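Welcome, and please take a moment to look over the chain shown below.

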Amino acid sequence: MLNRSRRWWDFPAAFLLLASLMTVAFRLGDTRWTEDLNIVATTTFFGMVLGLALGYSQFKRWIVLLLAAGYTLTIPVWQLTALMQEDVAWLERLASLGGRLWNGLQIFFQNLPLSDPVPFLTNMVVLFWLVSLIAGYNLTRHGKPLQGVLIADAALMVIDIY
């Protein structure tokens with residue numbers, strides 16, 4: 001008989017963790033620091049759902065890491081390229097995103113003011129994606145939601161201070 005490891009599933013805990021992460025993401029969007037901050041909430045939702053699914057799955061850890069890496073290279077990039085004009089080809093959007101990030105990085109290291117919102121949006125999308133993905137995974141795989149909640153609380157305090 002196969003020895004299957006038990007997964008920790010609690011619907012109220014999953015709902016409350018999702019609600020806490022979404023509250024922080026919506027609070028970030030309410031600041032109006034840049035245009036299109038609403039994609040952070042969308043990415044947070046997708047990351048949390050994927051984290052819950054990967055944590056509940058019976059996949060081994062290295063397969064989960066490969067799947068998470070693949071989705072990490074897909075969903076945040078898809079969300080960021082969706083902000084660009086719809087009549088532009090997808091590869092051109094991807095090249096434009098890469099160019100804007102590279103220019104933003106160069107301007108950052110030259111210590112000059114940056115007017116392009118894409119580097120900030122990318123930082124927030126990736127940060128919230130990783131936090132929600134890891135929090136959902138840890139909740140269902142290990143029954144430890146505290147890490148995600150603490151990071152969300154710290155982010156909420158930073159957002160409220162600024």
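## A salt bridge

Which side chain meets that of Arg-27 in a salt bridge? The partner is Asp-160, with 2.9 Å from N to O. Keep in mind that this is a predicted model, so the distance is a computed one.

The two residues belong to distant parts of the chain: Arg-27 sits in helix α1 and Asp-160 in helix α6 (residues 146–161), 133 residues apart. In total, the count of salt bridges comes to two. As background, side chains of opposite charge can pair when their charged atoms come close.

## Overall make-up

Read from the N terminus, the order of elements is α-α-α-α-α-α. Taken along the principal axes, the box filled by the C-alpha atoms is roughly 60 × 35 × 30 Å.

## How α2 packs

Two packed helices are described by the angle between their axes and the distance between the axes. Let us take helix α2 (residues 38–56) with helix α5 (residues 118–142): the angle is about 25°, and the axes lie 7 Å apart. Angles under 35 degrees count as roughly parallel, and α2 and α5 are therefore roughly parallel to each other. The crossing of α2 past α5 is right-handed. Sorted by class, the residues of this contact are 15 nonpolar, eight polar and one charged.

Helix α2 also packs with helix α3 (residues 61–81), here at an angle of about 165° and with the axes 11 Å apart. Since angles over 145 degrees count as roughly antiparallel, α2 and α3 are therefore roughly antiparallel to each other. Their crossing is right-handed.

Which residues make the nonpolar surface patch of about 610 Å²? They are Trp-9, Phe-11, Phe-15, Leu-16 and Tyr-56.

Helix α1 (residues 11–30) provides the largest share of the patch, with three residues. Tyr-56, for its part, is placed in helix α2, the helix that packs with α5 and with α3.

Conventions
Residues numbered from 1 in each chain as written. Predicted model: local features only at pLDDT ≥ 70, side-chain atom pairs only at ≥ 80, totals over all residues. Heavy atoms only, no water. Axes fitted to C-alpha atoms, helices over the stretch in contact; angles between N-to-C directions. Helix = DSSP H or I, 4+ residues; strand = E, 2+ residues; numbered from the N terminus. Parallel < 35°, antiparallel > 145°, perpendicular 65-115°, else oblique. Left-handed = near helix turned anticlockwise from the far one by under 90°. Nonpolar A, V, L, I, M, F, W, Y, C, P; charged D, E, K, R; others polar. Patch = residues over 30% accessible without salt bridge, like charges linked within 9 Å, V, L, I, M, F, W, Y side chains within 5 Å. Areas by Shrake-Rupley, 256 points an atom, 1.4 Å probe, with all protein chains shown as cover. Salt bridge = Lys/Arg side-chain N within 4 Å of Asp/Glu carboxyl O.
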